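Let's walk through this structure together, from the whole chain down to a few of its parts. Keep the sequence and the 3D view side by side as you read.

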Amino acid sequence: MTEQTHMRREISECADAARRFLSEGAEAVTAAGAALREKDPLFFVTIARGSSDHAASFLKYAIELTSGLPVASLGPSLGSIYKRDLRLGRAAGIAISQSGGSPDIVAMTEAVRRGGALTIALTNTPGSPMTKKADHTLDIAAGVEKSVAATKTFVNSVVAGLALLAAWRQDDDLRKALETLPDALAKAVDCDWSALVTALDGHQSLYVLGRGPSAAIAAEAALKFKETCSIHAESYSAAEVLHGPARIVEGGYPILALAARDAAEDSVVAIAEQLAGQGGVAFVTSEHARAAHRLPFAPSGHPLTDALVLVVSFYRFIEALSRHRGFDPDRPPFLNKLTLTR
């Protein structure tokens, strides 16, 4: 393909999409944040699938790290197939869906609200069925996304969740980081990971590692390897990979380690170095690497937004890798933009 793909264009739109949400969504974020303070939940639950579930995993870490409240991911089948209500009187629920139309997400959102939780929907489709089952809706305002592979909608789902967290907790440091986040996202698009494109020639499997919020980014990255490149990628916590999976790392087995500028950076680097030492070829987003290859990154000035920014550099890389392998990243076989699971 000689023309720019929808996916590549949408990656370039991430910064503007984030800026648009932070401006247009401010009133809804303030209202939902105030509702959370009034509710004073003891825990959170999340409802999502696919890339949206990876956004929910990111927010799980963000909420737990900043508030000390536990966050549980609920299987949407509880509400759609099993029709099991849960006791959630002291909970808050966050439902995430680009379309807001998948029947099991809608059913679970309704069940969570019926169980007593304050429910907040994050969607790119205001007025969708999911929003009618929630107490509050945040329109993530990412704009039309034509590529099957989600990019800017993933980023804006996390941005919306972080903005909600900042409003609820009245966290000025996070608020300031979000104000400058679009600039960091724009710089992230220019980070050159082309060395990893050629390093993966001849390989059909790899590990993607992270820890804390970057573990959620690793899960999103592993999905994109499968979805756009037909490469089998498994995501692991950089600590969990040592519990068995490390056994197969030898003979040039590739590893992508996503390290953010947070308390886990040194441990992610250390494990990438250890795997490189046993025969793997490791790439890591850190200046501290020695045995592993360093990948450039765009710092944002905050541990949470630093982890999010990594995904934009990854998206640029994976789109290029897909084309390098002769695929069309906009139209992966067997996949559709809207997945209606029940």
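This is a predicted model: local features need pLDDT of at least 70, side-chain atom pairs count only at pLDDT 80 or more; totals for chains, interfaces and linings use all residues.

A residue is called buried when its relative accessible area is under 20%, exposed when over 50%, and partly exposed in between, using a 1.4 Å probe and protein chains only.

Residues are numbered from 1 along each chain as its sequence is written, and side-chain values use heavy atoms, with hydrogens and water left out.

Back to those cysteines. A disulfide is counted here when two cysteine sulfur atoms lie within 2.5 Å, and by this rule the count is zero.

Now step back to the chain. Its secondary structure comes to 12 helices and 10 strands, where helices (H or I, at least four residues) and strands (E, at least two) are DSSP runs numbered from the N terminus. The radius of gyration is 19 Å, close to the 20 Å that the globule rule gives for 342 residues, so the chain is as compact as a globular protein of that length. That radius is taken over C-alpha atoms, and the rule is 2.2 Å times the number of residues to the power 0.38. Of the 342 residues, 56% count as buried.

Next, find strand β8. Pro254 and Leu256 point one way from β8, Ile255 and Ala257 the other way, and all are buried. Strands pair if DSSP finds at least two bridges between them. β8 runs parallel to β6, with three bridges joining them, and Ile255 is the bridge partner of Tyr207. Four bridges join β8 to β9, again parallel, and there Ala257 stands opposite Val284.

Helix α11 (residues 265-277) packs its buried residues against β6, β8 and β9, a contact being heavy atoms within 4.5 Å. Those buried residues include Val268, Ile271, Ala272 and Leu275. Residues three or four places apart in an α-helix point the same way, because there are 3.6 residues a turn. After α11 comes Gly279, whose phi is positive, near 115 degrees.
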